[in-house]
Amino acid sequence: MKINTRPARHRALRAVAARAAGAVAVLWGAATLAFFALALIPGDPVTIMLGPFTTAPQSIRDQIAADNGLDKPLFERYLAYLGRLAQGDMGESYQLQKSVAAVIGEALGPTVELALAAVVIAIVLAIVSAVLTAGREGRLRGFVTSWELVAVSLPPHWLGILLLTAFSFQLPIFPVVGVGGPSALVLPALTLALPIIGVLAQVLREGLEAALAQPFAVTARARGLSRRQVRVRHALRHAAVPLATLSGWLAGTLLGGAVIVEAVFGRPGLGALALQSATNKDMPVLIGIVLVSALTFVVISALIDAFQLLVDPRVRT
Amino acid sequence: MIFSRPVATAAVLVAALLLGGCSSGDDPAAGPSGGTPVQGGEVVFAVDTEPVSFDVHVSQQDITGTILRNLFDSLVHQDGEGKFHPWLAESWEVADDLKSYTFKLRKDVKFTDGTPFDAEAVKVNFDRIADPATKSQLAATLLGPYAGTEVVDAHTAKVTFKESFAPFLQAASTAYLGFYSPKTIKENGDKLAAGGATGVSTGPFVFSGYTKGQSAEFTKNPDYAWAPKDAANSGAAYLDKLTIRFLPEASVRVGSLTSGQIQVAAAVPPQDAQTISGNASLTLDAKDSPGSNFSLFLNTSKAPLNDEKVRKAIQIGINIDAGVKNLYFGQYKRAWTLLSPSTAGYNKALENTWPYDEAAANKLLDEAGWTSRDGEGYRTKDGKRLTVNWPLLPAQFVRDKRDILGQGFQADLKKIGIEADRPQDDIGTYIANVYGGKADIADYSWGRAEPDVLWLLLNGASDPRKGGQNATFLNDPQLTEWTNTGRSTLDEAVRNDVYGKAQQRAIDLAIVVPIYTPTAVTGRAKAVNGLAYDGNAWPVFQGAWLAK
């Protein structure tokens, strides 16, 4: 083990500064990529925004272009956008007459609520299913693993409609129309969580089995711990570490899944907003959503690193 | 085959739909069917699209007009037959040259913020629409060659135009030319797109709340007493509350309706019609949308469709009856002319005049010189295959499964030796090809309760390269003259004559292939009575009430 010479606080500050610099770089990269990717769509941006079935005359098109700076060269627009972004201004939506920050701010809450609910459901159910079946043969394991495969493979769009049909239309347990309230959150959260449970449980089970095969598991049993205690107290902690590597995938799945779940359930949120702004070519809002997604990713990675420090003494040099 | 369905099922469906369609009166003036109206209650109306902008003067979306119709009144009211009735204007006079319209306004109308509705309000609103800074995508077009509004006295407004403008009455009857309170225009003019309480108008409901991505809430305007002259309910709405719920997924809308979670569902897809008509507590209202039918527009400006014989072969060489009947379960009517049957000037004489005839189509193609066939069975001339480029819209713009409908026609065309190439690109490429005249076939419908829609689709000046919608790319002197005449007269006989002739000529020249009449199919709980449909086939909740 290395011996520390510098004070720990100093070291932590440096680490935080490096993280922050990394985050800014990621955000800049995301904004740039999104900006140019959207600019690559062929055709005049105002024409694309209005769509094919319009009678808007040229004077209106010119006005829209001028008001949104679309009459300027691409690179000039990019620099102006970055300049505003540096001051924390994500610009104004093309059509909603609201600042992008306000539009995204309104949408963020419902999506965070949905994503958190889904993550909690997913983690709890994945742990239960992995702990119950790891290292064991039998009918339960066969059923659980094949169910996981089905859950991962089902298109979430279809899964959502299936759940709605069963638990809202046939058995009136959960409302689709109910606004707010926990009961309206159950089905969307479950739709988002089920494929995640499938993946998490498989990874967890593999990690658990690897941990149970380690000598320490035998030692712990020899000290008199029950099988369950070994699983829950020791092996699970080992198995949780590989999960951290899935954080990026998880963030992506949650955001991507939100687009579909919010559309199916008619819920407000970032996903619904992304879909609408993509359809209407509302570039500032789209780039804003990309930025928020990138920021989420950065934050989740930081949290997972902290989590790793917590569960795995080996990374705490 | 993708279309094959038991004929018996289709027949049962047709019968069920006909019954469903009959159960509500076509005439909005017809009284509610189920006894004395009940006060109070809430109705949830689920729609398939969420408006991008709630500023009725800016938006070009149908959905904005559909929803906001319940908040906005118009100067005049157009009924299901296309006739105009007094609304906010008690009476009106049209100048002989059709360059000015003078409206005598009702004196008792108030905006829901207390501001009186008067000639000044008309002027403020119309001027706002015409101002390029408003960036109006549709309302400004509806105002046409608007010159200005003169406040003759407090309750007389004279709207003038730079040239004769016959379609103005119909335009003035739409929600897009509705009136915001001048006070809210002054204070919130740059925020109206965002929806919510700033959208102050005169209508039967007040815009009380909006959650983006979820719902809009309208509450009753208790002071409302200025319904259209022909409305069944002349006073305030019976319902306390109307919630518009945005449910883009059709099966979710239908499921919510069948499970009683909502009371009215818009855009019920044909395959779900039976679920609703088979349910004792639900019913279907099917209304032909006015305007142009969904049609193919054949690009006459380039080979191979510059040859009338080839165009004619396409017109009679695709089996429209079968395609429309199978895909839409008999719910949508097959079309015979550009105008939909519920539009004034509809040329009924064209019905059944150009039936499917594969043999005749083959003969026409032979005559056109496409006589040899290549290895895949397509016709060739001088070694070139007979191919038509018919781009598909990107998926998010495809309505009514028109992509699948097109697959059937593609197969029909193959039978007569024509290859239909259907690339699906991004919207920018689509617009560049179709509106730049590079594609051979374009397909669309155009909703508007006014035969002037034919000007947009057939007039030589409506060139898609310059913002028009005439994708036939034909500047036919007669079509141009007739559609010009139609928009410069209010003489019904003259209009019927020129629009009838224009429809006939478009078919004769085989520049269009009308396919089906877009139909607004609304599912509703039978407990919802008195729901009326305006000239656009949009539901109006002012007279709706909920049976106990």
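Asp67(A) and Lys135(B) join their side chains in a salt bridge, 2.9 Å from N to O. A salt bridge here is a side-chain nitrogen of Lys or Arg within 4 Å of a carboxyl oxygen of Asp or Glu. Between chain A and chain B the count is 1 salt bridge.

The model is predicted: local features need pLDDT of at least 70, side-chain atom pairs count only at pLDDT 80 or more, and totals for chains, interfaces and linings use all residues. Residues are numbered from 1 along each chain as its sequence is written, chains are lettered from A in the order in which they are written, and side-chain values use heavy atoms, without hydrogens and water.

Now take the whole interface. In chain A, 41 residues contact 50 residues of chain B; contact means heavy atoms within 4.5 Å. The two chains bury about 3,900 Å² between them, 60% of it on carbon and sulfur atoms. Buried area is the accessible area (1.4 Å probe) that two parts lose on being put together, summed over both.

Turn to chain B. Here 7 strands form an open, mixed sheet in the order β8-β9-β10-β1-β11-β21-β12. Strands are DSSP runs of E, at least two residues, numbered from the N terminus; two strands pair if DSSP finds at least two bridges between them. β8 (205-211) and β12 (282-288) of chain B stand at the edges with a single partner strand each, so one side of each has no neighbour in the sheet.

Inside the sheet, β1 (residues 42-47) and β10 (residues 241-246) of chain B run parallel, joined by 6 bridges. Phe45(B) has Ile244(B) in β10(B) as its bridge partner.

Technical notes. Helices (H or I, at least four residues) and strands (E, at least two) are DSSP runs, numbered from the N terminus.
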